[in-house]
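User: I would like to learn how to read the features of a protein model, one at a time. Could you show me the structure and let me ask as we go?

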Amino acid sequence: MSSTRFASGRRWATARSLACALLGAALCASPAVAHGQPLPPPAAPTPSPGEAPADATAPPPETPAAVEPAKGAVPAPDAGGVEPPAAAVAPSQQPLQKEEPTTPPAPAESGFFFGGVSRAVAAMDGEGGPARDADIVLRGSRLDESTFIQLDLERQDYWESTGATTRAAVRLVIDAPTLHYNNARPWNINASLRNAFVEERDLGVKGLSVWIGSRLYRGDNSELLDFWPLDWLNTLGGGVRYDLPSKRTYFAVHAGVNRPLTPYYQQTVERSPALNQPGTANVNLLDRQRLISSFKASHTVPVGEKGGVKGILYGEVHQLPSGTRETAEAGVYERLPRDSGYVIGAQVSPFTGVNNGHLHLFLRYAGDLAAHGEFGTPTQPAPDGTASGAHELMFTMSANYETGPLGLMASGYVRSFRNASEQFDFADLDEGIFVVRPHFYLRDWAGIAVEASYQAQRRGRVPPPAEPAAPGAHPGASHHSGSLVRFGLVPFLNAAGKGDFKRPQFRFIWLLTRRDEGAKALYPADDVFSQRTWEHFIGLNVEWNIKASPAF
């Protein structure tokens, strides 16, 4: 029986070789070749007696069916890179030559990916108590921020039948405190779902991408101040982006909705159930959501071999429908009018293309409803009940430069906000911050950073001070001013090597802050910040940033 099988196998191999020689190797290709996928590598030549294999630890690769190559095919080089003579290998033993696929192969990045941007902090103040964020401006230094964990899980797939690539992204964010700090019972976490969307690229049109879901929709950020000065949206909706073939220009549009849980958007009242049923039922008397649309155009002009200048134009439109809510007096209703707002902004960013060298310059103006942000609620409306007249103007810069053992990061902004009321009240403010952080690398993996910053703000006073000589007040003025200066010493370890943006980074942090009397007056009575001129922040900090999907 075994000899019969052996003879049959030889006849089949001979017949298959003749058929392939006459009809062409493409008809004899394996399913992987037919579908445009790479073949496994050919088997290594059998070593001579006493000769060690090329890789004694690796298992031998699978060998495709031995067939005669197509006419004109070039034999594959051997392990030494030298093409063997045609007579050195029998035609039936020569490896099959893969034809070029008509469609691009699946990208190597396909699969599941895990990443995250997180920070863990253990710190105390100068008296051993809990350390707190001491900034008096809206966006301060990130060195004294608290623990947060951001977990990214993504699935990426290349679809050969359409030539498109899809990404399903989920992001879970957990904020402080952690269980190991407060041992809260019952055990719980302060968590939020920040990303839950699917994005596709190149479906039907090369360079076109579409996404739908819940998404952190952002552009370039200010690293030292930890915020996105131009486009910073948290949205539930969808968007479209088109990249020109040059890859230097793209256009993007987006639309999404939100409904913060405040009386400005929603009011739930108790009413009698339908059909005279007993009890009460909850009814959303006021139930309106904000529609936010954004538009973005970006173009990059190359400069030199690696550098360039990126320019961005940006805009938003905010729309809120009218609604009705019940006043404190039962049965009395008030009409909330339709409201709207807008954002216009621009960005210019020259960059070197080497060691993350760049300078970002942002200018952003928000008017009416948009001046309060995407989740904001106007607390001081105009006489007509809208946010008409509110505005915010912000100019921001952020930069990084590295050369040899030195690195320099700097960032700052000036901001002016006015609500819709005519009176200059406490919510109206002008503020600014400038922070600089030089790094000196003692080794590629260790160094010392020094951070210095200045912060100041001016707010309206309601009611005006009874005593013009009160801290922070100016005679005859109706505003309050305060400022602080800060100095920090930060030894660090960079496990990923030298670079201001390399993560993970392990730090020991000591910050010393000095408040003036005006800054102390910004805190309520009995708050220790209202009593201390000098503030210490001493702690351990680690930040890590692991990108989930390498292709998107």
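User: Over the face of which residue does Arg241 lie, and at what distance from the ring centre?

Analyst: A charge is said to sit over a ring if NZ of Lys or CZ of Arg is within 6 Å of the ring centre and within 35 degrees of the ring normal. Here Arg241 lies over the face of Tyr250, at 3.5 Å from the ring centre. In another case, the charged end of Arg132 sits over the ring of Phe529, 3.8 Å from the centre of that ring. Before we go on, please note that this is a predicted model, in which local features need pLDDT of at least 70 and side-chain atom pairs count only at pLDDT 80 or more, while totals for chains, interfaces and linings use all residues. Residues are numbered from 1 along each chain as its sequence is written, and side-chain values use heavy atoms, with hydrogens and water left out.

User: How many helices and strands are there in the chain, and what percentage of its residues is buried?

Analyst: Helices (H or I, at least four residues) and strands (E, at least two) are DSSP runs, numbered from the N terminus, and the chain has 4 helices and 22 strands. A residue is called buried under 20% relative accessible area, exposed over 50%, and partly exposed in between, using a 1.4 Å probe and protein chains only; of the 552 residues in the chain, 38% are buried. If we call it a contact when heavy atoms lie within 4.5 Å, then among the contacts between residues at least 6 apart in sequence, 61% join residues at least 24 apart.

User: How many aromatic pairs does the structure hold?

Analyst: A pair of aromatic rings is described by the distance of the centres and the angle of the planes. Rings of Phe, Tyr and Trp (its six-membered ring) pair if their centres lie within 6.5 Å, and planes under 30 degrees apart count as stacked, over 60 as edge-to-face and the rest as tilted. The structure holds 10 such pairs, and one of them is formed by Tyr441 and Phe492, which are edge-to-face at 5.5 Å centre to centre with 80° between the planes. Because Tyr441 lies in strand β18 (residues 429-443) and Phe492 in strand β20 (residues 479-494), this pair ties together parts that are 51 residues apart in sequence. Both Tyr441 and Phe492 are buried.

User: Why is the pair of Phe487 and Trp510 edge-to-face?

Analyst: The ring centres of Phe487 and Trp510 are 6.5 Å apart and their planes stand at 75°, so the pair is edge-to-face. Phe487 is in strand β20 and Trp510 in strand β21 (residues 505-515), so that distant parts of the chain, 23 residues apart, are linked. Phe487 counts as partly exposed at 39% relative accessibility, and Trp510 likewise counts as partly exposed at 26%. Elsewhere, ring pairs link Phe227, Trp228, Trp232 and Tyr413 into a cluster.

User: How many salt bridges does the count come to, and how far apart in sequence are the parts that Glu145 and Arg119 tie together?

Analyst: A salt bridge is a side-chain nitrogen of Lys or Arg within 4 Å of a carboxyl oxygen of Asp or Glu, and by this rule the count comes to 35. The side chains of Glu145 and Arg119 meet in one, at 3.0 Å from N to O. Since Glu145 lies in the loop between β1 (111-124) and β2 (148-159), with Arg119 in strand β1, the pair ties together parts that are 26 residues apart in sequence. Both Glu145 and Arg119 are buried.

User: Which residue's side chain meets that of Arg142 in a salt bridge?

Analyst: The side chain of Glu223 meets that of Arg142, at 3.3 Å from N to O. Glu223 lies in the loop between β5 (208-218) and β6 (232-243) and Arg142 in the loop between β1 and β2, so the pair ties together parts that are 81 residues apart in sequence. Glu223 is buried, with a relative accessible area of 15%, and Arg142 counts as buried at 8% relative accessibility. Arg119, Arg142, Glu145, Glu223, Asp226, Arg503, Arg507 and Glu543 are linked in a network of salt bridges.
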